[in-house]
Amino acid sequence: MLEVDCTMLTPYEVLKTSGHVDKFSDWMCRDLKTGEIFRADHLVEEVLEARLKGDQEARGLVEDANAAAKDDAEKKKRKKKVKQIKAVKLDDDVVKEYEEILAKIDGYSGPELGELMEKYDIGNPVTGETLESPRAFNLMFETAIGPSGQLKGYLRPETAQGQFLNFNKLLEFNNSKTPFASASIGKSFRNEISPRAGLLRVREFLMAEIEHFVDPLDKSHPKFNEIKDIKLSFLPRDVQEAGSTEPIVKTVGEAVASRMVDNETLGYFIARIYQFLMKIGVDESKLRFRQHMANEMAHYAADCWDGELKTSYGWIECVGCADRSAYDLTVHSKKTKEKLVVRQKLDNPIEVTKWEIDLTKKLFGPKFRKDAPKVESHLLNMSQDDLASKAELLKANGKFTIKVDGVDGEVELDDKLVKIEQRTKVEHVREYVPSVIEPSFGIGRIIYSVFEHSFWNRPEDNARSVLSFPPLVAPTKVLLVPLSNHKDLVPVTTEVAKILRKSQIPFKIDDSGVSIGKRYARNDELGTPFGVTIDFESAKDHSVTLRERDSTKQVRGSVEDVIKAIRDITYNGASWEEGTKDLTPFIAQAEAEAETD
Ligand SMILES: Nc1ncnc2c1ncn2[C@@H]1O[C@H](COP(=O)(O)OP(=O)(O)OP(=O)(O)O)[C@@H](O)[C@H]1O
């Protein structure tokens, strides 16, 4: 996988060609009285959810739906968005309809959202005022490049386009063969209609995207066997369309065999996304893969699954995994006239029948004058389907018309100017535009979810919180704590610090005067996985105690053995038991008391 770093500032032509200028939008509706703007799908979702909560209260299923908000974040969100939930009982049929709409809320088009707003009387959730019908709002930030202000540009809404523009270079680096992948980590910008919920929806965010280029006729993956038995929670399109949010648990192998997930490569990356999220501390029970519905799919996607994480804000899309087919390379190639293809030498030459067009060039100049090159280039870039249909018209009427970019009106061509024929040739090389499988990670959303999933309170003392970051992702791996400020402990503390520094293990010394229990507790809250304690024995024999954050278990051994255990657990995937098997279990009376202090 080749990492590339492309520009954020993107010329208009690139994003016009990729379809973003015309199609990268969300639906917004305006309150003409207050000037407030709402994102239509979020508005419908919030209002219907609030009505369902009110219904639950009226049925006596919750005591007070306003007070029953899951947590502070939800309360705050509700206060701002839906003033008060009213305890109103709904008809059973209406409850069912609302639930079905919510299950497929991501799949509605703008006009459909408008119909829902009208049908269910959804207006400004605070004042009840009727809103304007949903309008498409392009999410890209526009800018002018250069001093003349003539060259229009945008801040990139995704990192992908830069990778597609570099396709030929990437292909060359990969010996002109697929499969291969490129990756990019960088900022993307979207002019979100209503940014909210902290890091979850922001206008500038860090993205990490992989573009994996693969033969469209062979989307198998050489390492599929390694991941095929991983079991995942899938929420496929048909389940959502039936109004349900009940996931189906299957292995990736089964999901691909049944064609629920379109192909091996897409399945492979879904599984690798899962492995990555597990490694960094996501709670498995709060992860599902939801398939996009037909309407929801981006303009370029052939199939798409979102890795969604459950947080206090509900299920949040954190990683998208799309099969973008050959869309991007095809449109860029058509626009730039630069071939973006893989050439595969065939062991057995094949016969290929194709439509071909011949131009009687000497007639083009006199007939089309300055437009002749544009017309010629349009004709030479016509797809096989286009050629077939024009050949039919030529046969039937002796002429056909086309619309050419940059030429006014329609252009008419007759059988003196062009000849279109199907010809069979023997080919020794197969040329194809690769398909692209794209896992796209939103780093802010993932980090936020890891924080939520890692946070808990000790049952014995609710005030003591812990962030259970896996050692690999914890910013500080070790808290180095001398038992007291006694001068005898200083040299050995300095020495252990030196060894940790040399071993490149990030650590922090806490030699403050507070009790050791308090020092452990505040570092548990920062997510530091290990405590290395230095006591008077350490000064004599260089032994230290190693404490594990979540279980508070302690073991003892030489400085070297303890550091080896930390290294094995943090970087080599060993469990606590495996990593500390050569160390001695340890219960220090003073410390045990301090722990409960
Ligand atoms: N405004 C944003 N703020 C933070 N992260 C974002 C934002 N928009 C997208 N992302 C992240 O980038 C990833 C890939 O972008 P993608 O285009 O698939 O998102 P999207 O479907 O437009 O997201 P949403 O439907 O939530 O607007 C998402 O999975 C998400 O993690």
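Student: Taking two strands as paired if DSSP finds at least two bridges between them, in which sense do strand 6 and strand 7 pair here, and over how many bridges?

Tutor: In this predicted model, strand 6 and strand 7, the latter covering residues 151-155, pair in the antiparallel sense over 4 bridges.

Student: And which residue is the bridge partner of I145?

Tutor: That is L151, which belongs to strand 7.

Student: What sheet do they sit in, and in what order do the strands come?

Tutor: They belong to an open sheet of 3 strands in the order 2-7-6, with antiparallel pairing. Strand 2 (9-11) and strand 6 (142-145) stand at the edges and have a single partner strand each, so one side of each has no neighbour in the sheet. From one strand to the next, the twist averages 45 degrees.

Student: OK, new topic: the ligand. Which residues come nearest?

Tutor: There are 14 residues around the ligand, and of these F205, G320, S440, G442 and R445 come nearest. Two or more residues of the shell are given by each of strand 9 (204-214), strand 14 (314-325), strand 19 (435-442) and helix 17 (443-454).

Student: Which element gives the largest share, and how does the shell divide by residue type?

Tutor: Strand 14 gives the largest share, with 4 residues, while the shell as a whole divides into 5 nonpolar, 4 polar and 5 charged residues.

Student: What does UniProt place at residues 112-459?

Tutor: An unreviewed UniProt entry places the feature "domain: Aminoacyl-transfer RNA synthetases class-II family profile" there. In the model that span is 30% helix and 35% strand, and its end C-alpha atoms lie 48 Å apart.

Student: And what does the domain assignment give?

Tutor: It gives domain 1 (26-138), domain 2 (160-328 + 436-443), domain 3 (347-426) and domain 4 (461-595). The centres of domain 2 and domain 4, taken over C-alpha atoms, are separated by 39 Å.

Student: How do strand 20 and strand 21 run, and how many residues lie between them?

Tutor: Strand 20 (residues 455-458) and strand 21 (residues 461-467) run antiparallel and are joined by 4 bridges, forming a hairpin with 2 residues between the strands. Within this pairing, R458 stands opposite D461 of strand 21.

Student: Last one: how many residues of helix 14 are buried?

Tutor: The number buried is 0 of the 8 residues in helix 14 (residues 361-368), so this helix lies largely in the open. Just after helix 14, R369 takes a positive phi of about 50 degrees.

Notes:
Residues are numbered from 1 along each chain as its sequence is written. This is a predicted model: local features need pLDDT of at least 70, side-chain atom pairs count only at pLDDT 80 or more; totals for chains, interfaces and linings use all residues. A residue is near a molecule or strand if its C-beta atom, placed from the backbone, lies within 6 Å of it. Ala, Val, Leu, Ile, Met, Phe, Trp, Tyr, Cys and Pro count as nonpolar, Asp, Glu, Lys and Arg as charged, and the others, Gly among them, as polar. UniProt positions are given in the numbering used here, feature names are shortened, and annotations may be inferred rather than shown by experiment. Domain bounds come from an automatic or database domain assignment. A residue is buried if 20 or more other C-beta atoms lie within 10 Å of its own, exposed if 12 or fewer, and partly exposed in between; C-beta atoms are placed from the backbone. Two strands pair if DSSP finds at least two bridges between them. Axes are lines fitted to C-alpha atoms, for helices over the stretch in contact, and angles run from 0 to 180 degrees between N-to-C directions.
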